[in-house]
Amino acid sequence: MPLSAAAADASAGNSAPVYELTNVGKTYARNLVIALEDVSVTLHRGSFSSVIGSSGCGKSTLLKIMAGLIPPSTGRVVLQDQPVTGPRRDIGMMFQQATLFPWRTTVENIVLPIEIRDGRAAAVKAKDRAHELLDVVGLKGFEDVYPNELSGGMAQRAAICRMLITEPAVLLLDEPFSALDELSRDMMNMELQRICAEQHATAFLVTHSIAEAVILSDHIYVMKPRPGRLAEVVTVDLPRPRTLDMITTPKFGSLVDYIRGLLDKGEAL
Amino acid sequence: MSEADTKAIPNSMQETVWVEEVSFLDRVPRSVSMTFVFAVFLGLWQLSTSLGLVSPIILPTPGETFKDLVFVGKNLLSGDYMLLALWITVKEVIYGFALAIVIGFSLGVLVGETAFGERAIMPYLVAIDTMPKVAFAPLFVAWLGFGIESKVALAAFIATFPIVVGTAAGLHAADENSRMLFKTMGASRMQTLIKMKLPMGLPQMFTGLKIGAVGVMAGAITGEFLGGGKGFGELIRVAASQLNTPRVFSLILYLSLFGLALYALVTWTQRRVVFWHKASFVGNDE
Ligand SMILES: Nc1ncnc2c1ncn2[C@@H]1O[C@H](COP(=O)(O)OP(=O)(O)O)[C@@H](O)[C@H]1O
Ligand SMILES: [Mg+2]
């Protein structure tokens with residue numbers, strides 16, 4: 001039920017904006033590289049958006065600005081009506097590497113954000129919630145296992161739980177499954193779709209796989225490099241829930257072709 | 001007949017039997033090969049003494065050495081003067097190691113965590129570290145006298161540097177992802193240090209501790225050689241000056257046992273504390 005509601009919200013495109021970036025630019029002072037120029041992004045509640053572009057076009061820079069890790073040089077960055085001026089608990093983030101700490105059990109890794117923000121007692125209390133989340137991602141029974149016994153995919157599932165434990169308003173995902181093999185990646189993408197729907201999550205994904213962007217997203221921000229700018233925002237109106245066999249449909253194919261065309265044009269510039 | 005049977009089975013039905021070639025020496029158990037090397041060593045030793053290749057003052061026979069080992073062992077067990085001497089050396093080593101750990105860890109954190117430490121303190125540490133540290137022994141004796149203080153100081157002085165280096169290297173071991181993750185969680189500098197950088201640096205710190213454990217023994221004994229006192233080093237020095245070579249040999253052997261015990265203690269602690277880091281004890285394993 002919540003799933004279809006989220007999908008309806010997203011496709012209607014008129015639900016409340018959660019995250020708004022307006023005319024954001026970033027010049028790295030160190031080497032004067034203009035990484036971003038005049039980028040505007042609006043994330044609606046419960047929607048899934050992706051940013052795609054060639055390597056070096058500023059995707060990670062954009063995500064770091066959204067995460068409050070680095071300041072923008074120009075423009076406005078507003079999350080839930082509050083300007084972003086540093087890391088915040090309503091932002092959840094995930095990287096290419098799971099980055100679980102090997103001296104902590106899976107569940108201890110998951111409650112780490114709580115331990116850091118609210119102390120040890122709160123972290124102990126949060127373990128119940130961590131168990132629920134592990135159940136959601138299919139890691140029930142691995143609570144007290146140390147990370148070196150988890151496979152790459154399992155580690156990323158645990159990282160998803162760690163991201164969700166603080167109940168963030170927006171999930172920022174920087175190529176989260178690109179270190180996995182292709183089969184695991186497809187499966188994790190479907191899992192991600194399901195989890196986001198269940199949690200009514202607002203997600204923003206960095207990827208350089210066109211197919212991955214299309215299968216997951218409501219909106220795809222296509223970027224072109226040097227300096228990093230938006231080429232176009234492509235709306236994906238495939239029905240939800242998406243399944244892997246949609247990849248073979250003509251509609252999927254034409255979307256992929258269209259985005260590839262945009263990217264090639266960006267490269268040619 | 002059996003050959004005919006095998007031939008009757010088509011190739012595709014046969015199980016693949018793969019005999020891996022392992023050289024004979026690789027298959028011998030470790031205990032056996034170690035005993036073998038020891039036996040060869042004893043044999044060569046016995047041979048060289050009984051053929052009169054070396055003077056008995058330079059090299060006693062294995063038999064003599066063994067007799068003296070028993071004698072010293074009895075003396076140690078009965079709590080006689082040798083045990084008192086050993087106890088003094090043990091105290092020097094333990095105090096020296098404890099001091100080196102406290103100073104080395106503190107300096108290591110200062111150097112590894114602050115830009116000031118890295119820029120302003122590290123160069124001096126590197127400069128001192130390249131000096132032959134035992135050359136400071138007479139200074140310590142002059143400052144602290146002939147008691148155990150001067151030995152503790154030299155032992156600590158030698159063991160501190162590897163611990164500083166290990167700690168600083170450990171703090172630098174944290175990868176970019178972990179740092180970024182802690183930043184996104186809004187962790188303070190102290191939280192990042194305690195919950196991430198220090199635990200992540202433990203393998204390097206233990207490497208420093210192990211080198212320190214070897215250095216602290218060398219420091220205490222050198223201190224006793226050069227600064228007198230009543231420790232085990234003094235016993236060795238006296239025995240050597242009396243040309244009592246078997247005694248020197250057995251004293252060194254007992255001393256090595258103590259050194260080994262200290263090293264084993266550090267390794268044991270490492271296994272407990274850094275249980276999650278396979279590479280730091282793979283290889284120490286049987
Ligand atoms: N910390 C930094 N300092 C200076 N330049 C940087 C830094 N990070 C990235 N850049 C530059 O900014 C541009 C965009 O990088 P990035 O955001 O990592 O791109 P992407 O993630 O799309 O590959 C690149 O030209 C890169 O060299
Ligand atoms: Mg990147």
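Which residue in S5(A) is the bridge partner of Val78(A)? The partner is Pro83(A).

This is a predicted model, in which local features need pLDDT of at least 70 and side-chain atom pairs count only at pLDDT 80 or more, while totals for chains, interfaces and linings use all residues. Residues are numbered from 1 along each chain as its sequence is written, chains are lettered from A and ligands numbered from 1 in the order in which they are written, and side-chain values use heavy atoms, leaving out hydrogens and water.

Strands (E, at least two residues) and helices (H or I, at least four) are DSSP runs numbered from the N terminus, and two strands pair if DSSP finds at least two bridges between them. In chain A, four strands form an open sheet with antiparallel pairing, in the order S2-S1-S4-S5.

| Edge strand | Residues |
|---|---|
| S2 (chain A) | 33–44 |
| S5 (chain A) | 82–83 |

Strand S4 of chain A, residues 74–79, is joined to S5(A) by two bridges, and these strands run antiparallel.

Turning to the interface, the contact (heavy atoms within 4.5 Å) takes 21 residues from chain A and 18 residues from chain B. One salt bridge, meaning a side-chain nitrogen of Lys or Arg within 4 Å of a carboxyl oxygen of Asp or Glu, is found across the interface of chain A and chain B. Glu115(A) forms a salt bridge with Lys195(B), and their closest N and O atoms are 2.7 Å apart. Helix H4 of chain A, residues 112–118, gives the largest share of the side of chain A that touches chain B, namely five residues.
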